[in-house]
Amino acid sequence: MLSIPHSLTGAFVASKFPNPLIYVPVAIGLHYLEDWIPHWDVGTGLSNGNRKKSTAFKLELIDLALTAVLIYFFWRTEPMILQIHIWAGGLAGILPDLIEAPRNFFNWEPAITKPFNWLHKQFHYSIPNWVVGIIPQVVVVAVIWLLK
Ligand SMILES: [Zn+2]
C-alpha cells in the first residue's frame, strides 16, 4: 500500500497504545496484513518495467509528504509526548518499505535486509488498476479517521 495508510495505521496504534514495545511490532505486523490486500502503490509496475524508478521515487516523495500532512492534521491537538509516539508509530508503519527502498530505488540490497525483503514480498499483492487499488486504502484512512 501507499505510505499514507501504512503510516496512519502505525500512528493510530501508537495513539491508542503509546508504548513502543506494543505499537512497533503491531504497526509492522499490520503493514504486512495491509500489503496482503490487493492494492495499487507507487511501486506497482516497477518489477515488470511498466513504471520507471524515477517516476516511482517522485510519487513516493509526494506520498510521504501527504502522509506527514495527514498525521499532523489527524493528531495535531494531542499532547506533545503522545505526538512523539504517534510520529514514531507512523515511522514503524512504513518500516518494511523503508528497508526495501534501497533495493527498489538504488539497486542496493544489503545482505541484512534480504530476509526482511523476502518476507515483505510474500505478503505483497499489488494490482495495476489504480482506481480499484486505491479503494481499500481510502477505507483504511477513513476508518482511522472515524476511530481516532
Ligand atoms: Zn509494504
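Which residues does isoleucine 71 touch, not counting residues up to four places away in sequence? Ser7, Leu8, Ala11, Ile86, Trp87 and Gly90, where touching means C-beta atoms, placed from the backbone, within 7 Å.

Quick housekeeping, everyone. This is a predicted model, where local features need pLDDT of at least 70, side-chain atom pairs count only at pLDDT 80 or more, and totals for chains, interfaces and linings use all residues. Residues are numbered from 1 along each chain as its sequence is written.

Okay, the core. A nonpolar core is a set of buried Ala, Val, Leu, Ile, Met, Phe, Trp, Tyr and Cys residues joined through C-beta atoms within 7 Å. Buried means 20 or more other C-beta atoms within 10 Å of a residue's own; 12 or fewer is exposed, and in between is partly exposed. The largest core here has 17 residues, and Leu8, Ala11 and Ile71 touch the most other members. Helices H1 (3–16), H2 (20–36), H3 (53–75) and H4 (80–93) each supply at least two of its residues; helices are DSSP runs of H or I, at least four residues, numbered from the N terminus. H1 gives the largest share, six residues.

Now look at H1 beside H7, residues 130–147: their axes, lines fitted to C-alpha atoms over the stretch in contact, come within 9 Å and cross at roughly 25°. That's why we call them roughly parallel, a label for angles under 35 degrees. Ile4, Pro5, Leu8, Thr9 and Phe12 of H1 meet Gln137, Val140, Val141 and Ile144 of H7.

Last stop: leucine 59, in H3. Leucine 59 is partly exposed, because 16 other C-beta atoms lie within 10 Å.

Definitions and conventions: Contact = placed C-beta atoms within 7 Å. Axes fitted to C-alpha atoms, helices over the stretch in contact; angles between N-to-C directions. Parallel < 35°, antiparallel > 145°, perpendicular 65-115°, else oblique.
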